[in-house]
Amino acid sequence: MSDDRYETWPPPELDFDKPTIARAYDALLGGKDNFAADRALAEYACQHIPGLKESAVENRKVLVRGVRFLAGEAGIDQFLDLGSGLPTVQNTHEVAQSVNPDARVVYVDIDPMVLAHGRALLAKNDNTSVVTGDVRDTKAILNHPDVLRMIDFSRPAAIMLVGMLHYLSPDVVDDVVAAYRDVLAPGSYLFITSLVDTGLPAQQELARITRENLEEGWARTPEEIERQFGDFELVEPGVVYTALWRPDEPVDPDSLTPGEQLGMTGIGFKKP
Ligand code: SAM
């Protein structure tokens, strides 16, 4: 890891009294890298949104299934994980490198705590790097020295916007995602999970709570999520509720819990 902007602890940007997306999500997942303000927001959101915790866990599970598919069946050995979050169990590099030890992973997150915690986790892993940056600044991310060093965009790669698309506002989302699609070589993949709007009140309510407390938060219809894949070909089963995306055990689509109806998942393939 070469980003040395945060040699000091705590990083200058860190405000303990204001929740952040990464820390509040960590609190939802039962992690330890969060502060009172993050836990308070997570609790408040859970009181209003039935199944929110389960939905966060479901999102982590599909990250594992998706990366396993990409590193295995799809043969991808380079991953750009945008909005990667704080390290937790079964991080992208652990899943990818358990399938292919040579797989390279670059994590990008706006929250400086991700870098601080990633450093410790990745001290001995030359194939993994953490970059602090804003995914919306596509030029800066795609030209970051660590990204250029680790990812060869002339070969197939996977770009991940897992649990991240809903932090891109309607005025930027199309251009941002298109910039990432465009940089990918044929044979590459785009992996998206997102808060969805299928008409259930809790979905827009979660978007509202997120926007009010964490600045961004947008629930999108399945069609709007699908649009982000451009002309990529969706791999089976398409954009579906996350629990239904290649589940390890069969799931009955007619008995999804409220938490299982908060997010959708899809993976698209850039055709040669
Ligand atoms: N990808 C992980 C997962 O699915 O488990 C973490 C998802 S977490 C809900 C969303 C992450 O996106 C947070 O860590 C947050 O800091 C990051 N994030 C939100 N907006 C961002 C932006 N504009 N640029 C970079 N990271 C961002």
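This report describes salt bridges in a predicted model.

## Overview

The structure holds 12 salt bridges. Side chains of opposite charge can pair when their charged atoms come close.

## Asp134 and Arg136

A salt bridge joins Asp134 to Arg136, with 2.8 Å between the closest N and O atoms. Asp134 has a relative accessible area of 26% and is partly exposed. Arg136 is also partly exposed, at 35% relative accessibility.

## Asp174 and Arg227

Asp174 pairs with Arg227 in a salt bridge whose closest N and O atoms are 3.2 Å apart. This pair connects distant parts of the chain, the two residues being 53 residues apart. Asp174 belongs to helix α8 (residues 173-183), whereas Arg227 belongs to helix α10 (residues 222-227).

The relative accessible area of Asp174 is 34%.

## Glu212 and Arg208

Within helix α9 (residues 201-214), Glu212 and Arg208 are 4 residues apart, so about one helical turn separates them. The two form a salt bridge, and their closest N and O atoms lie 2.9 Å apart.

Glu212 is exposed, with a relative accessibility of 56%. Arg208 is partly exposed, at 28% relative accessibility.

Notes
Residues numbered from 1 in each chain as written. Predicted model: local features only at pLDDT ≥ 70, side-chain atom pairs only at ≥ 80, totals over all residues. Heavy atoms only, no water. Salt bridge = Lys/Arg side-chain N within 4 Å of Asp/Glu carboxyl O. Buried < 20%, exposed > 50% of the residue type's maximum accessible area, 1.4 Å probe, protein only.
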